[in-house]
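Work through the exercises below with the structure at hand. Try each task before reading its solution.

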Amino acid sequence: MLSVNHVTGGYPGHDVLHDLSFEVKKGELLGIVGPNGSGKTTIFKMISGILKPQSGEILLKEKPIASYSAKQLAKVLAVLPQHAERAFPYTVKETVALGRYAHHTGWFQMWSEHDEAVVQQTMEQTGVAEFQDHYVNELSGGERQRVFLAQALAQEPEILLLDEPTNHLDLSYQKGLLDLLKKWTRETGLTVISIFHDLNLAGLYCDRLLLLEEGKINLHNNPNEVLNEERIQAVYRTTIEKHPHPTVPKPQMLLLPEKDAEELNDYRIDERHLEHREEMMTLLAPFPLRTMSSGVVGSGTGWYSTFVNRHVDKSYNCPNHQEEMRAFLEDHSIDPIETVGMMTAVQLEDVSYRLIEHEEVSVFIVVTAGGGNAVDASRSKDHDFNPMPGTINTWIFVNGTLTDEAFIQCIMTATETKAKVMQDLEIKDSLTGTIATGTPTDSILIAATQRGSHHAFAGTITTIGKLVSEGVYTCTIDALRKHEKRAHQKGVQNRGQARA
């Protein structure tokens with residue numbers, strides 16, 4: 001559809017672009033990205049015919065773009081500049097209708113039913129039909145942007161050039177516009193070439209990205225390849241992290257603000273922050289910790305500063321335990337949005353906690369545990385699913401910085417250690433008679449301060465892994481023995497009452 005072949009040029013006395021070559025296929029959504037001054041606007045102007053290359057050529061449908069008259073070019077290619085601030089005293093409909101000029105043979109050609117249908121359709125698609133009788137100069141910047149987009153679409157182009165199409169648009173219209181553009185490329189074969197400053201939007205919607213750096217092509221490839229963490233940091237000269245989008249297989253780039261001196265200081269989470277009462281146990285961190293958990297609320301990954309382990313009766317049964325838990329937290333003046341919350345059927349007085357240190361890093365472990373409904377995971381098929389309040393709840397607070405991999409390895413290390421405790425204490429699955437590996441509703445929390453020493457791994461024999469293994473092992477054994485002692489004392493008491 002479009003070929004750029006060895007293009008060099010820019011402005012008198014100053015070449016901005018240097019030997020650019022790339023192709024854009026029919027129905028493709030290409031994003032042009034790069035820092036300020038990299039040549040995005042210059043190549044945009046050359047493709048639209050405003051600027052001529054000093055050398056090289058640009059082919060549109062296999063013909064040099066310079067061979068098209070203005071009207072011929074407008075039938076194939078429509079342009080929406082970055083600042084569509086023209087505010088003539090025309091109505092919205094009249095402004096959009098100007099996009100039909102390229103399809104008329106003269107000023108006095110009759111307005112056709114097709115012209116009317118195209119104008120109405122593009123106004124509907126861009127969300128401006130409701131004020132088609134309003135004057136453009138009365139509209140907000142975002143509304144005007146959509147009017148001029150409708151005007152460009154009214155040309156019925158084969159290629160649409162957009163310079164920052166989401167400029168002035170709020171979130172809902174950004175999404176709506178880009179969803180619409182993506183739909184047109186897929187269903188009508190419209191080719192879209194757009195400049196993006198927002199790398200995340202470009203990564204979400206574009207089929208390919210053209211990354212420019214100092215007037216040259218750094219890379220022209222799919223978003224996942226172009227949005228490489230090291231590449232983007234080098235080109236944009238800033239610190240970012242690449243993460244996958246949570247629901248679609250697209251990359252997202254996260255800016256990392258510079259930390260102030262206070263944030264760079266080490267801070268230790270330990271028993272000073274822990275409070276436990278009969279109804280619930282809480283740990284209040286002085287700042288949000290990065291977490292990965294299986295809590296009733298706050299599950300998954302996130303940043304939280306409040307951690308709650310709530311005691312409930314063994315008979316607890318609620319059709320929506322998440323909402324009930326949120327209501328419980330709110331009743332106790334705890335914000336659910338800032339909280340990881342768990343439930344346990346064991347008595348919180350039997351909690352076991354311990355701070356374990358090694359040189360520059362420490363780990364604070366908190367465990368509540370009971371083995372009454374223990375299950376052998378290898379024989380789980382023999383059990384019916386009957387969710388009960390969590391029995392072994394494990395909290396691991398790492399006073400250090402963990403990678404995503406280390407978070408996952410922490411969970412693996414803690415789980416292996418818990419299974420070893422069950423083996424050493426010979427806690428059995430009451431149904432199968434085999435050694436249990438845990439209980440069916442165990443919960444786990446890994447929370448890191450993300451300050452101080454950096455740890456890429458947390459497997460069983462790493463520095464972090466050793467601390468986690470030692471802490472989880474000793475605390476789980478201690479908590480299970482406390483629970484067993486309480487159960488034994490209760491049994492003796494009940495037998496005494498029965499004899500009396």
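## Exercises on salt bridges and burial

Arginine 268 has a relative accessible area of 34%, so this residue is partly exposed. The model used here is predicted.

**Exercise 1.** Explain how arginine 326 and glutamate 323 are placed relative to each other in helix 11.

Solution. 
1. Arginine 326 and glutamate 323 form a salt bridge, with the closest N and O atoms 2.9 Å apart.
2. Because arginine 326 and glutamate 323 are three residues apart in helix 11, about one helical turn separates them.
3. Arginine 326 is partly exposed at 30% relative accessible area, and glutamate 323 is partly exposed at 45%.

**Exercise 2.** Which parts of the chain does the pair of aspartate 442 and lysine 418 tie together?

Solution. 
1. The closest N and O atoms in the salt bridge between aspartate 442 and lysine 418 are 2.7 Å apart.
2. Lysine 418 lies in helix 12 (404-424) and aspartate 442 in the loop between helix 12 and strand 21 (443-448), so the pair ties together parts that are 24 residues apart in sequence.
3. Both aspartate 442 and lysine 418 are buried.

**Exercise 3.** Describe the surroundings of leucine 199.

Solution. 
1. Leucine 199 is found in helix 7, which covers residues 199-205.
2. Its relative accessible area is 10%, so leucine 199 is buried.
3. Apart from neighbours within four places in sequence, leucine 199 contacts Val33, Leu227, Ile232, Tyr236 and Met253.
4. Valine 33 is 166 residues from leucine 199 in sequence, but their C-alpha atoms are 7.3 Å apart in space.

**Exercise 4.** Where is aspartate 335 located, and of which surface patch is aspartate 335 a part?

Solution. 
1. Aspartate 335 sits in the loop between helix 11 (321-331) and strand 16 (339-344).
2. With 39% relative accessibility, aspartate 335 counts as partly exposed.
3. Glu330, Asp331, Asp335 and Glu338 form a negative surface patch.

How values were computed. Residues are numbered from 1 along each chain as its sequence is written. This is a predicted model: local features need pLDDT of at least 70, side-chain atom pairs count only at pLDDT 80 or more; totals for chains, interfaces and linings use all residues. Side-chain values use heavy atoms; hydrogens and water are left out. Patches are made of residues with over 30% relative accessible area and no salt bridge: like charges are joined within 9 Å, nonpolar side chains (Val, Leu, Ile, Met, Phe, Trp, Tyr) within 5 Å. Accessible areas come from the Shrake-Rupley method with a 1.4 Å probe; for residues, only the protein chains shown count as cover. A salt bridge is a side-chain nitrogen of Lys or Arg within 4 Å of a carboxyl oxygen of Asp or Glu. Lys and Arg count as positive and Asp and Glu as negative; His and the chain ends are not counted. The place of a charge is taken as NZ of Lys, CZ of Arg, CG of Asp or CD of Glu. Helices (H or I, at least four residues) and strands (E, at least two) are DSSP runs, numbered from the N terminus. Buried means under 20% relative accessible area, exposed over 50%, partly exposed in between (1.4 Å probe, protein chains only). Contact means heavy atoms within 4.5 Å.
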